[in-house]
Amino acid sequence: MSMYRYDYITKIILLLITFSHTLPSNFYSESDINKTFDFYKTKYNKAYKSIDEENQARSNFVKNFGLLDDYNEKNTDKEVVYVLNKFADLDTEQLERQYSITISPFDNLRSQGLRNDDKKVTIDETKFYDLDNAKDLYKEFLTEHNKSYDKKYERKVHYYKFVQTLVKINEQRLQGINATVDENADVLEEPYEYFY
């Protein structure tokens with residue numbers, strides 16, 4: 001798909017969403033929703049492990065699209081429009097579990113756009129660590145920093161600290177702070193931090 005076509009489709013979908021508050025709730029056909037979900041998957045490079053997972057993602061997307069429609073319908077500030085973000089295929093519980101942050105599956109944008117001096121970072125531009133992938137991330141971390149732990153319990157407590165660090169980084173990134181994983185991400189602050 002050419003970049004021009006991609007931008008054109010993006011603009012059409014944004015216009016549909018922008019003016020959805022003037023349309024009846026049942027305006028969207030099954031075909032419209034399917035096309036919008038397909039566009040969403042392409043835009044955010046979404047791939048699902050199974051048909052069931054994709055069906056659940058689509059169900060979440062439809063639910064969040066309906067919520068978005070309601071927000072835009074009830075919105076009295078005509079300079080603000082709500083648009084779906086990269087988390088539109090997840091429900092709020094899934095978001096909390098996967099990223100350990102509370103976030104909405106849609107953002108509000110001012111219709112006049114951001115000025116060049118505004119430093120606002122949108123959710124779509126922010127990379128969050130998926131805690132479901134923490135074990136793989138930790139393996140990469142250990143390899144990258146030439147770390148190893150011989151004892152099982154030692155490895156486990158350092159892993160827990162690493163996950164805790166990922167949670168803190170996600171929280172910081174949500175606030176617009178540029179935080180990254182460094183070599184100290186699994187270092188315990190106290191010798192027996194995870195023992196009770």
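Q: Which residues of α2 meet which residues of α3?
A: From α2 come Glu-30, Ile-33, Asn-34, Thr-36, Phe-37, Tyr-40 and Lys-41. They meet Glu-54, Ala-57, Arg-58, Phe-61, Val-62 and Phe-65 of α3. Contact means heavy atoms within 4.5 Å. By class, these residues are seven nonpolar, two polar and four charged. Nonpolar covers Ala, Val, Leu, Ile, Met, Phe, Trp, Tyr, Cys and Pro; charged covers Asp, Glu, Lys and Arg; the others, Gly among them, are polar.

Q: What kind of model is this, and how are residues numbered?
A: The model is predicted: local features need pLDDT of at least 70, side-chain atom pairs need pLDDT 80 or more, and totals for chains, interfaces and linings use all residues. Numbering starts from 1 along each chain as its sequence is written, and side-chain values use heavy atoms, without hydrogens or water.

Q: Why are α2 and α3 called roughly perpendicular?
A: Helix α2 (residues 30-43) and helix α3 (residues 51-74) cross at roughly 110°. Their axes, lines fitted to C-alpha atoms over the stretch in contact, come within 11 Å. Roughly perpendicular means 65 to 115 degrees. The pair is therefore roughly perpendicular.

Q: What is the handedness of the crossing of α2 and α3?
A: The crossing is right-handed. That means the near helix is turned clockwise from the far one by less than a right angle.

Q: How do you know how α5 and α6 are oriented to each other?
A: Helix α5 (residues 134-144) packs against α6 at about 105°, with the axes 10 Å apart. By the angle, α5 and α6 are therefore roughly perpendicular. Residues in the contact include Tyr-138 and Phe-141 of α5, and His-158 and Phe-162 of α6. The classes here are nine nonpolar, one polar and three charged.

Q: Why is His-158 called buried?
A: Buried means under 20% relative accessible area. His-158 has 12%, so the residue is buried. His-158 sits in helix α6 (residues 152-174).

Q: What makes the pair His-158 and Tyr-149 a polar contact?
A: The side chains are 3.4 Å apart. A polar contact needs N or O atoms within 3.5 Å, one able to donate a hydrogen and the other to accept it. Besides Tyr-149, residues touched by His-158 include Tyr-138, Asp-186, Val-187 and Leu-188.

Q: How many helices and strands are there?
A: The protein has six helices and two strands. Each is a DSSP run: H or I of at least four residues for helices, E of at least two for strands. Along the sequence, the pattern reads α-α-α-β-α-β-α-α.

Conventions
Buried < 20%, exposed > 50% of the residue type's maximum accessible area, 1.4 Å probe, protein only. Axes fitted to C-alpha atoms, helices over the stretch in contact; angles between N-to-C directions. Parallel < 35°, antiparallel > 145°, perpendicular 65-115°, else oblique. Lists of a residue's contacts leave out its neighbours within four places in sequence.
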